[in-house]
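Visitor: I've got the structure open on my screen. Can you walk me through some of the packing?

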Amino acid sequence: MTLIIDDSRPIFVQIAERIEDDIIQGRLPEETQVPSKNEFASFYQINPATAAKGVNLLVDEGILYKKRGIGMFVATGARAVLVEKRKEQFFEQYVVTMLREAEKLGISADQLSDMIRRGDAK
Amino acid sequence: MMNNVVEVKNLTKSYGKVTAVNNVTFSLEPNKIYGLLGRNGAGKTTIMHMITAQLFATSGELKVFGEAPYENERVLSQVCFIKESLKYPDNYMVKDVLELSASLFPNWDKEYANALVQDFQLPLKRRMKKLSRGMHSSVGIIVGLASRAPLTIFDEPYLGLDAVARAMFYDRLIEDYSEYPRTIVLSTHLIDEVSRMLEHIIVIDGGKILINEDADELRGAAYSVAGTANAVESFIAGKKVISREPFGGLLTAGVFERLTETDRKRLESLGLQTAAISLQQLIVQLTNKKLETKGGSRP
Amino acid sequence: MNRIANVLKLLIRDKHAWMTVPAGILGSSFIVNLIIGFGSGVEIYTGGLSSIFIYMLVLGIIVLPQTFPFAVSFSIRRTDYYIGTVLNAILSSVIVTLILMILAGIEEATNFWGVQLHFFKLPFLTDGNLAEVFLTEFILLLTMFMGGFMIGSIFRKFRAIGLFITSLAGMIVTTLLVVLSTLNNWWEPILNWLKDTTAFELSLWLLPFVACFAIISFLLIRRSTV
């Protein structure tokens with residue numbers, strides 16, 4: 001998994017997003033340990049404090065928790081929470097946009113559903 | 001904060017009629033990586049020389065580790081300043097520099113230094129005079145890293161280093177900083193390469209501070225707008241415009257504001273395109289032209 | 001003490017400037033004179049020894065540009081740099097003087113190197129007992145170094161303009177003294193006095209100059225920038 005850091009968005013947010021991605025895709029199962037801030041820093045050549053900020057963001061949201069003396073772990077139920085969040089984002093990002101575009105082109109909601117089924121059949 | 005590593009207040013340095021550093025105020029907190037950025041001649045090097053007591057200020061207040069640095073052993077022993085093209089005594093060999101550094105810097109790590117010498121493939125017995133520029137820089141980098149000085153300043157440390165060696169420097173820097181946090185100042189014009197490592201960014205332009213911000217705050221703090229000149233002009237009216245690039249009937253403008261939802265919708269309705277501005281581009285644009293506050297005015 | 005030891009280390013690392021080059025200069029001057037001695041078969045009193053004294057002057061001048069910017073960049077205090085350099089000069093002068101005296105001893109023992117070459121043992125300069133000879137040569141070496149050091153520090157702080165003004169001032173003062181001496185017929189008593197003074201006593205007169213050079217250099221270095 002190569003991460004191209006986007007220089008035009010805060011890095012700590014991108015770190016948080018990568019961790020969320022890993023959790024959703026099952027690369028980071030619940031109750032497993034997340035890489036340390038130093039490991040993140042070394043891997044992506046970023047400042048460890050930035051990595052820590054990204055991790056802490058997820059700790060605040062309850063996605064990760066800290067085991068004293070050991071490190072950061074994925075919380076139980078984290079995946080479910082994230083999937084819900086992503087679904088809502090999906091709706092905003094893709095569905096709403098799609099509907100707007102469809103409206104421009106004069107495609108009705110029913111025609112839209114047909115298109116979706118057509119795309120799914122491929 | 002009382003235990004700032006560096007406190008600078010109204011610092012000014014003039015040479016006759018020329019003011020190299022103009023009433024500059026900022027502070028550096030412990031255990032952070034700072035980027036001191038700006039064009040050549042903007043005043044960065046002058047400021048760093050004053051912090052290390054190599055130059056004397058014309059006026060203003062300067063404290064390092066809470067004290068004035070001039071002739072101050074307590075302060076100076078905790079500072080390591082690696083500047084580009086440092087002149088070593090003529091007959092010095094690489095190993096002379098390293099052995100001397102070992103006695104000068106209280107936190108020197110000999111094994112780490114040796115490991116770095118291997119990494120950078122430095123010939124220990126060669127005269128400093130006879131080293132290529134890249135190797136000369138490598139020596140400086142090794143001293144800067146192995147000194148583990150609580151305040152370590154690198155002024156354009158990569159003169160002559162190829163991309164591989166630079167990547168190795170960043171790698172070692174992050175690694176060592178993670179394990180031994182300290183205050184590091186990187187002064188450079190190669191913003192892109194190092195921007196990810198920086199926590200805080202200070203941009204100096206014409207002897208004054210242009211930006212003094214958390215690095216992440218600056219990412220995504222500006223965006224560019226492109227489209228037909230008229231549409232762009234109407235969009236950017238009243239905004240903080242930092243650049244303008246006309247091309248035929250088209251115009252690309254840089255706006256130093258965060259893109260709000262309302263603005264994004266307005267962009268779409270006007271048929272304009274937008275892209276985020278990277279840190280490097282932001283700094284380049286800011287230092288190329290002074291900030292315009294009225295978007296509607298034409299040069 | 002540790003800090004000054006570091007300055008000493010800094011300087012001594014440059015073995016060439018402090019050991020090999022002066023040895024080479026003195027050595028080659030000696031060998032040339034030895035060869036001439038062989039060839040000519042006449043008794044020779046040579047001034048080749050002056051080479052080492054001139055070298056000390058040169059060393060004093062170049063030690064600053066060579067090591068000052070480097071030392072200050074490596075977080076060494078100016079005061080420590082000054083003390084360390086002067087201390088190094090004193091130690092070097094002691095060592096060189098001892099070497100010169102030993103060689104003078106050998107010169108006497110070998111009946112002037114078998115060729116009647118007076119290189120290290122010269123009348124007037126090396127007259128007097130051991131202590132006097134030691135002090136004479138030591139003070140002379142130190143004066144040369146400190147003179148050079150002061151010149152170097154003037155250049156460091158005030159660049160070429162400073163040197164120019166200083167030389168000009170020096171020339172004016174010297175000219176004035178010469179003119180005054182001539183007008184007031186001071187030459188005779190001066191020459192008489194010189195005739196009656198030993199090298200050792202003259203060298204003692206150099207001490208106030210050394211002190212001046214030392215103080216001026218210190219003040220200039222304290223305010224020098226890199």
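Visitor: Let's start with helix 4 (residues 110-120) and helix 5 (residues 133-146) of chain B: are they roughly parallel or antiparallel?
Guide: Keep in mind that this is a predicted model. The axes of these two chain B helices come within 10 Å and cross at roughly 155°. Angles over 145 degrees count as roughly antiparallel, so helix 4 of chain B is, relative to helix 5 of chain B, roughly antiparallel.

Visitor: And which hand does the crossing of helix 4 and helix 5 of chain B have?
Guide: Take helix 4 of chain B as it passes helix 5 of chain B. The crossing there is right-handed.

Visitor: How many charged residues sit in that helix 4 to helix 5 contact of chain B?
Guide: Helix 4 of chain B brings B:Tyr112, B:Ala113, B:Leu116, B:Val117 and B:Phe120. They meet B:Ser138, B:Ile142, B:Leu145 and B:Ala146 in helix 5 of chain B. The contact divides into eight nonpolar residues, one polar and, as for charged ones, no charged.

Visitor: Zooming out, how far apart are the centres of domain 1 and domain 2 of chain B?
Guide: The domain assignment puts domain 1 of chain B at 6-217 and domain 2 at 223-288. In contact are 10 residues of domain 1 and five of domain 2. Between their C-alpha centres the distance is 36 Å.

Visitor: What about chain C: how many nonpolar residues are on the side of chain B that touches it?
Guide: Here 22 residues of chain B are in contact with 21 residues of chain C. Helix 2 (73-76), strand 5 (79-83) and helix 3 (94-104) of chain B each supply at least two residues of that side.

How values were computed. Residues numbered from 1 in each chain as written. Chains lettered and ligands numbered in written order. Predicted model: local features only at pLDDT ≥ 70, side-chain atom pairs only at ≥ 80, totals over all residues. Domains from an automatic or database assignment. Contact = placed C-beta atoms within 7 Å. Helix = DSSP H or I, 4+ residues; strand = E, 2+ residues; numbered from the N terminus. Axes fitted to C-alpha atoms, helices over the stretch in contact; angles between N-to-C directions. Parallel < 35°, antiparallel > 145°, perpendicular 65-115°, else oblique. Left-handed = near helix turned anticlockwise from the far one by under 90°. Nonpolar A, V, L, I, M, F, W, Y, C, P; charged D, E, K, R; others polar.
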